[in-house]
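Please read the following account alongside the sequence and the coordinates.

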Amino acid sequence: MIPAAFDYHAPKSLAEAVGLLSQYGDGAKVLSGGQSLLPLLKLRLGQAAHLVDIGRIPGLEYIKEEGGMLRIGGRTRESALEHSDLIRSRYPILLDTVLVIADPLVRNMATVGGNLAHGDPGNDHPATMLVLGAQVVATGPKGERVIPVDKFFLGLFSTALKPDEIVTEIRIPMPAARSGGAYVKFERKVGDYATAAAAASITLAANGTIAQAGLALTNMGPTSVRATAAEQQLVGKKPDAAVLESAARAAAQATSPNADRRGATDYKKEMGRVLAVRALKKALARAGGN
Amino acid sequence: MKIDTTPEVSGMGHSMKRKEDPRFIRGKGNYVDDIQLPGMLYMDIVRSPFAHAKIKSINTEKALKIPGVLAVITGETLAKYNLHWMPTLMSDTQMVLPVEKVVYQSQEVAAVIATSRYIAADGVDAVEVDYEPLPVVVDPFKALEPGATVIRTDKKDKKDNHIFHWEVGDRAATEKAFAEAEVVVKQDCYIPRIHVASIETCGCIADFDRVNGKLTVYMTTQAPHAIRTVFALVAGHVGLSEERIRIISPDIGGGFGGKVPVYPGYVIATAASVVIGKPIKWIEDRMENLQADSFARDYWMKAELAAKKDGTITALRIKTLADHGCADAAANPSKFPAGLFSICTGSYDIKHAFAEVDGAYTNKPPGGVAYRCSFRVTEAVHMIERVTDILAQQLKMDPAELRLKNFIPKEKFPYQSALGWEYDSGDYARALKLAMERIGYPALRKEQAEKRARGELMGIGISSFTEIVGAGPSKHFDILGIKMFDSAEIRIHPTGKAIARFGTKSQGQGHETTYAQIIAEELGIPASAVQIEEGDTDTAPYGLGTYASRSTPTAGAAGAMAARKIREKAKKIAAHLLEVSPEDLVWETGKFSVRGAPQRSKTIQEIAFAAYTNHPQGMEAGLEAVCYYDPPNLTFPFGSYICVVDIDRGTGQVKIRRFMAVDDCGNIINPMIVDGQIHGGLSMGMAPALMEEISYDENGNVQGGSFMDYLVPTAMETPSWETDKTVTPSPHHPFGAKGVGESATVGAPPAIVNAVVDALSHLGVTHVEIPMTPERVWRILKEKGVAE
Ligand SMILES: Cc1cc2nc3c(=O)[nH]c(=O)nc-3n(C[C@H](O)[C@H](O)[C@H](O)COP(=O)(O)OP(=O)(O)OC[C@H]3O[C@@H](n4cnc5c(N)ncnc54)[C@H](O)[C@@H]3O)c2cc1C
């Protein structure tokens, strides 16, 4: 549990950090909360000649609503989300998510940007961000670019980020009226990655039918899986039990989980379905439906 | 239980706060890894990726080129001193470092000595080993089939993987009882391989002083004295002599049986220190600890219970296969290859019983240690409590009623069991009835019926266990020939304070508090003024250490007996001071007074002062005593646990809603500490029932070799335990106590399994194997058509 040698850099500004990343290219890694990166290095499953710690760069930790968007600084810690009144009152789906990420010790260190940038299908934020239609703001040598989260996750531990880009902000559209979201995770113990988890969001039309729906599953394939077919099934329907069940089944069918110590693939798929139903029901209740 | 001392004295029965806690709470404990010696070097270990492979070559060149890497030790290096093999506590042998082949994944292959921990790790990465994989034997049943690959080719003439056969009981009488039985139930049951996973991993600092020829080893060990003797016996030929070996066991972060064995790392570090002449620190990381250190359990049992139609149990028969991995490295008393498994008749008056156990070698780490379990008692209790429930199910009897019908009645104690034990004392019905009353048993049964009607899955499970702890009487109990007594040495200072040293070693049990309370009870010296020391073989009296719930039954008893010797001498001094004859004195806590003239008295403090300042002519000065206590019998703690579970039909997850534990460990020294032991033990009993398991794939790759997959429960998974007690003193123990550290680990698992089976019994389920993971339970739900 001792990493190979590396050089440690602690830039004081974003420009300096991006500069270091450009200079060292593939040999460099952003170090944020370190809760995913350091275990990899310690187990010698990964190596980096240079670690660029972004923890001393001012202005990357915030949670605010501005311009119709919830804006979360790229280096905002999970524990900050957990204790934010704004998140608690307006974004229960994010609170659901944060509370099932690891444990308080990890959450004190781990960051939202790192959780997305790591590209780990076992991480919990990606599914939530997918159903919320989030945008990832990446800052590189040429300045900022905005990546829709749908285009962010490319594969296992692989994202649309370039080696010299830093996630500086995550943007989430403010919730519409009569909308609700929920994240439901099933884990073997606290701190474990999901056996399966589901994020759901629902916006109801005035007539009580589903105007807009989001559904995504965690740890059920090489990336978090957005269940577009299931979402389409839901739109325009009255949200009764059979409709939710059928969407959940469609969502689970579209997954390709790996067998591991958490369970065989058939079990995991079934858990995807069971949790999708539970998440949809909870989201619906929060949207004011029943 | 009557309390005889004031809170200031805090003898037996006071929930005195733990004397060791201020240092632990403030982070001032002193563990092996906290110790820094001048000039200290670091060792790290190269481990095998294969479960069974020939070692073709080990290339150390690249490693030795790394600045700071001083040496790479291999089996060849140790072979020069004939230290590449070592004996296990079960008189088997185990490799320290291999010369020819490895026999389990993560086995030690070579050790790198370097100037820092970081450099040592880089050195490990740079050692190149060329392996030639050999066929792997994982399944112990297949290991015993003719033609199976022989693992222990080091043993001349060994043509199979069989280690031992052991049996107990009257086979013929048992067979007859089965032939005549009105009802017979059978069950196969596997108790998986698990790991103690103590928070502190294993490690040592070996410090050989070349000038004085003295070896000091700071070691994570539960049994420092035994280790010293083992070192002297196995390394005598290289000049280590017992008076020049000092084993120091400092603060220990949990042992649970996993710190009884001698691990190769200790031996390699010691050999390296002797050769290099510098202190060498070796500390395992978590994965090494889980993957290579001794495991526990791994018992494949087949049990049968014979009964009459009215539920009277008449006979028990158990056949077991024990998977020992590549060496029998259990830490049982030497004459007991299957430990105390013969407690398997449990709490029931069973006339006929027969049990047999065979041991097999497989390509897995050696073991098995008694993980918070007095030598295979967990396995025995699991089996008897399971088949008892299965019998109840078959006879459509309430499991509580069946137990009450078959308990050994309290008038029958001391009770001779069919498998040869003399149970010291017990009142099993009282404990079960108390548990039923506390949890509201009839109301729960009613609720269960209602829930069942609605399709909800709720179960209630009982376990009424009997433990067997406190090894043990010298007639039967020894480890490598050393009898399993334990010891205490007490010195009273002139001002009436005391220091006492013991042959045991606390790893969290609170000995610094409880031993002081024993002495406080016997002598009336406040427990706060009695300093307790253990774990340094240069100062403490010889003892076999702490495991198997033996400390209170053996060393605790030694403490009381030594204190009584002191009291005898104190009486003579008091008689001298009061100018009466000793027969005229009466003792009440803390003082002797003249019979009929209570105002004429001498306190223990006054007497202590006199022992050094004014002792009678013809008497030696001072006030101290030693006792090596050889217990006349083991102690038999017991209890009844009731568990209530709800099962999530969607996920298969089992939730423990309530768990009521009634324990009886005889007279209690410190109720708070006993409660702590029970709470911790219950959590450690829940763990294998629901979560923990180490298994292997067909190539012998360990599954569950890190905390990612070895699921130790946290506070979040642990229910709020409810506890209560009955007190049935041990008739033979000096102050009526029994061991308690392991009762809950032993008693809890079957209560949880019985609850889960009970929740599913209406679907025709009679048994569920552990760990009862959500997936395992969900598969049953699916098969029975009740999954959500
Ligand atoms: C015991 C434990 C349990 C855990 N359980 C869970 C869980 O249940 N659910 C869950 O979701 N997560 C879990 N995690 C992971 C945790 O949430 C991680 O911390 C998180 O995934 C990564 O965030 P970080 O800030 O620690 O990133 P780091 O570990 O610092 O970095 C991770 C990767 O992202 C890159 N990176 C980080 N920040 C940026 C950035 N701003 N811009 C560009 N690249 C960046 C790094 O270069 C690295 O490749 C667990 C971690 C631990 C240690």
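In chain B, 15 residues of domain 1 are in contact with 14 residues of domain 2, where contact requires the C-beta atoms of two residues, placed from the backbone, to lie within 7 Å. This is a predicted model, in which local features need pLDDT of at least 70 and side-chain atom pairs count only at pLDDT 80 or more, while totals for chains, interfaces and linings use all residues. Residues are numbered from 1 along each chain as its sequence is written, and chains are lettered from A and ligands numbered from 1 in the order in which they are written.

The two domains of chain B are given as domain 1 (21-29 + 486-629) and domain 2 (426-469 + 633-788); such bounds come from an automatic or database domain assignment. Taken over C-alpha atoms, the centres of domain 1 and domain 2 of chain B are 39 Å apart. On the side of domain 1 of chain B that touches domain 2, helix 14 (511-523) and helix 15 (551-578) each supply at least two residues. Helices here are DSSP runs (H or I, at least four residues), numbered from the N terminus. The largest share of that side, six residues, comes from helix 15 of chain B. By class, the side of domain 1 of chain B has six nonpolar, eight polar and one charged residues. Ala, Val, Leu, Ile, Met, Phe, Trp, Tyr, Cys and Pro count as nonpolar, Asp, Glu, Lys and Arg as charged, and the others, Gly among them, as polar.

Chain A is divided into domain 1 (7-56), domain 2 (63-173) and domain 3 (179-286). The C-alpha centres of domain 1 and domain 2 of chain A lie 18 Å apart, and their contact takes 15 residues from domain 1 and 16 residues from domain 2. Helix 1 (residues 14-24) of chain A gives the largest share of the domain 1 side, five residues.

The last topic is a helix pair in chain B. Helix 10 (residues 377-395) and helix 11 (residues 399-406) of chain B pack at an angle of about 115°, with their axes 9 Å apart. Axes are lines fitted to C-alpha atoms, for helices over the stretch in contact, and angles run from 0 to 180 degrees between N-to-C directions. Helix 10 of chain B is therefore roughly perpendicular to helix 11 of chain B, a label that covers 65 to 115 degrees. Helix 10 of chain B contributes B:Thr388, B:Asp389, B:Leu391 and B:Ala392 to the contact, and helix 11 of chain B contributes B:Pro399, B:Leu402 and B:Arg403. These residues divide into four nonpolar, one polar and two charged.

Notes: Parallel < 35°, antiparallel > 145°, perpendicular 65-115°, else oblique.
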